[in-house]
Amino acid sequence: MCGIVGYIGDKSPVEVIMTGLHRLEYRGYDSSGVAVVGENGLDCVKSVGKLKIMDQKLEEHPLKGNLGIGHTRWATHGVPSEANSHPHFNGAKTIAVVHNGIIENYYELREQLQAAGVVFRSQTDTEVIAHLVDKYYEGDLFAAVKRALKDCEGAYAIGVICQDNPDVLVAARHGSPLIVGLGDNEGYIGSDVPAIMKYTRNVMYIENGHVCEITRAGVKIEDVDGNPVSMEVKTVEWDDAAAEKEGYPHFMLKEIHQQGAVLRNTLAGRIDEHSDSVRLTDMNIAPEELKACGKIFIVACGTAWHAGMVGKFLIEKFAKVPVELDLASEFRYRDPIIPPNSIMIPVSQSGETADTLEAIRIAKSRGAKVASIVNAVGSSVARESHGVVYQQAGPEIGVASTKAYTSQCMCFALFTIWLGQVRGTLDKDQVAMMIRELRAVPDKVDAILKNQDKVKELANRPEYRDAVGAFFLGRNYNFPSALEGALKLKEISYIHAEGYAAGEMKHGPIALVTNTFPVVCVAVKGETYEKMVSNIQEIKARAGLIISVATEGDESIQAHSNDVIYIPECYEPYSPILVAVPLQLLAYHISANLGRDVDQPRNLAKSVTVE
Ligand code: G6P
């Protein structure tokens, strides 16, 4: 986890760095720090806790100069404390380092350095980098960093500055994300694009093993052995305003409201108007490969895994290819059997989740074609895959995933149609109908968002807002909706919530149901509607408090429910996209009513870049 930013140029480094760190706070918020090289050498401010504390400290202790680095931390080695906050320094405090990742052999390196007389100030793995750079420093920071990294194993994105080289910012990447931004007579580094996009749109996505020397004149990139590397400068299309709250009290609420537009974006360019067919060219899978494919593996973590479950149901139902769905953290260790002609679809909003990346490497080494569903353009998952379908959802800042989830489901719907089309499991009329229904989804999402009064009212009612636990139930396509609804509620409100396949209730969970226990039942019209109604009646018979999510016009469900949230009538296979929206809103409003930190819930980080 952790986020890094760096700047060299005429702007105030503190302003650039703090703007960037605020954008990166989603990557961790245990502590932060900024170091600047100025007239009086290297100076630094650190603080434990969120960035607003850091903002105050910087007012009291301003840092001036033309070169600086900053960090927001999610602790991996060492408790959150000022001593463990980055930047870390060499003994003489002339070299400063910020780091995202884990130096796996740090213990060994630390012992070697200590044996040579080095005194450590922190418990972090990062500090070894500062001392190693110092050890190899002979007046050239770039050379010293390259040499130091030869000793380091593990994952890193680092930014390094030295008071004796005030015109150089050095950065390097191995495993953790890093971008370099270019401006006029200035340079930037960041963990991702939003960190620097207020200032520049011209970025380089740094590759593993590359070390960059950034000066006002430009960027020199080499590998650790000094071999030069050339790299393309890309122009980022994202709008800077996309990274701001735009008047919403929280990023999560803003992102929930963006979903109609986001889903239109996800569809954009993927449907051929003339032939009424889907094309996902960037997935880089030839029609022959789709036809020959005997098995699909979907791997993901968290919310993306729930989207993967929606994908599994769609693909198996309409394209008739067996799908194995795995949590990436489990796939890695279960020695999966990957037959020839298998396709893996990793799903990841950030594209940097460590377990998902490792699952990709395993699948590739066993011969699978890997085509991912990813939001962050140029991220590691995208680059390590053979092909990619970008979600086109824009930056997601709220830790709880919302628009990324619905756009991932949309990507799976597109992929399913494409696969069914190519394999001939869907005829022309079915494809046309499925495309038509898919196109109707964004407007229906907008309609749900326009009509939130009921959800808001429920979220403020004591029996729901103050509940100690809740169940979310669904069947078939909406079993993942139940899992996702429960995850949303628990992660941002801290109310214990569990999602279940409704048919499982009688196998144990129903024992918890009392007249103070809310049960959210997804009962939209479709194949399993009647079965769902029976399950609702069973809970009602135990006096459970039932909120049903039902299809507009379904009056009869009111008789079995305490409250009903309606969504527009829709094609059942796409209903998880619509159902997600009121469940996100319910979680959001309950959390906001409870005064929780909606965008940055405790103990969580947006992108889990450690295993
Ligand atoms: C974290 C986030 C979740 C996300 C999961 C997977 O837990 O809080 O919102 O679903 O990681 O992240 P990815 O970036 O791979 O989708």
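Modeller: A definition comes before the interface. A salt bridge here is a side-chain nitrogen of Lys or Arg within 4 Å of a carboxyl oxygen of Asp or Glu. The rule finds one such bridge across the interface of domain 1 and domain 2.

Some ground rules. The model is predicted, so local features need pLDDT of at least 70 and side-chain atom pairs count only at pLDDT 80 or more, whereas totals for chains, interfaces and linings use all residues. Residues are numbered from 1 along each chain as its sequence is written, and side-chain values use heavy atoms, with hydrogens and water left out.

Now the layout. The protein chain is assigned domain 1 (3-243), domain 2 (251-449) and domain 3 (453-593); such bounds come from an automatic or database domain assignment. Taken over C-alpha atoms, the centres of domain 1 and domain 2 lie 34 Å apart. Their contact (heavy atoms within 4.5 Å) draws 15 residues from domain 1 and twelve residues from domain 2.

How big is the interface? The size of an interface is often given as the accessible area lost when the parts come together. Buried area is counted that way here, with a 1.4 Å probe and summed over both parts. Between domain 1 and domain 2 it comes to about 1,100 Å². Carbon and sulfur atoms give 55% of that.

Next, the polar side. Two residue pairs are in polar contact across the interface of domain 1 and domain 2, both at pLDDT 80 or more. The side of domain 1 that touches domain 2 has eleven nonpolar, two polar and two charged residues. In that scheme Ala, Val, Leu, Ile, Met, Phe, Trp, Tyr, Cys and Pro are nonpolar, Asp, Glu, Lys and Arg are charged, and the others, Gly among them, are polar. A polar contact is a pair of N or O atoms within 3.5 Å; within protein, one must be able to donate a hydrogen and the other to accept it, and residues adjacent in sequence count only if both atoms are side-chain atoms.

Focus on Glu207. Glu207 sits in the loop between strand E11 (202-205) and strand E12 (210-215). Strands (E, at least two residues) and helices (H or I, at least four) are DSSP runs, numbered from the N terminus. Glu207 forms a salt bridge with Arg383, with the closest N and O atoms 3.2 Å apart. The side chains of Glu207 and Arg383 also count as a polar contact, at 3.2 Å. Beyond four places in sequence, Glu207 contacts Arg173, Met231 and Arg383. The C-alpha atoms of Glu207 and Ser379 are 10.0 Å apart, although 172 residues separate the two along the chain.

Buried means under 20% relative accessible area, exposed over 50%, and partly exposed in between (1.4 Å probe, protein chains only).

Now the wider setting. By the salt-bridge rule the count comes to 32. One of them joins Asp355 and Arg332, with 2.7 Å between the closest N and O atoms. Asp355 belongs to helix H11 (residues 354-365), while Arg332 lies in the loop between helix H10 (328-331) and E19, so this pair links distant parts of the chain, 23 residues apart. Asp355 and Arg332 are both buried.

Helix H11 holds another pair. Glu358 and Arg361 lie three residues apart in H11, about one turn of the helix. Their salt bridge spans 3.3 Å between the closest N and O atoms. Glu358 has a relative accessible area of 23% and so is partly exposed. Arg361, at 33%, is partly exposed.

Finally, Arg461 and Asp563. Their side chains meet in a salt bridge of 2.6 Å, N to O. Arg461 lies in the loop between helix H15 (453-459) and helix H16 (462-465), and Asp563 in strand E26 (residues 563-567), so the pair ties together parts 102 residues apart in sequence. Asp563 is buried because its relative accessibility is 6%. Arg461 and Asp563 also belong to a network of salt bridges with Lys454, Glu457 and Glu463.

How values were computed:
Buried area is the accessible area (1.4 Å probe) that two parts lose on being put together, summed over both.
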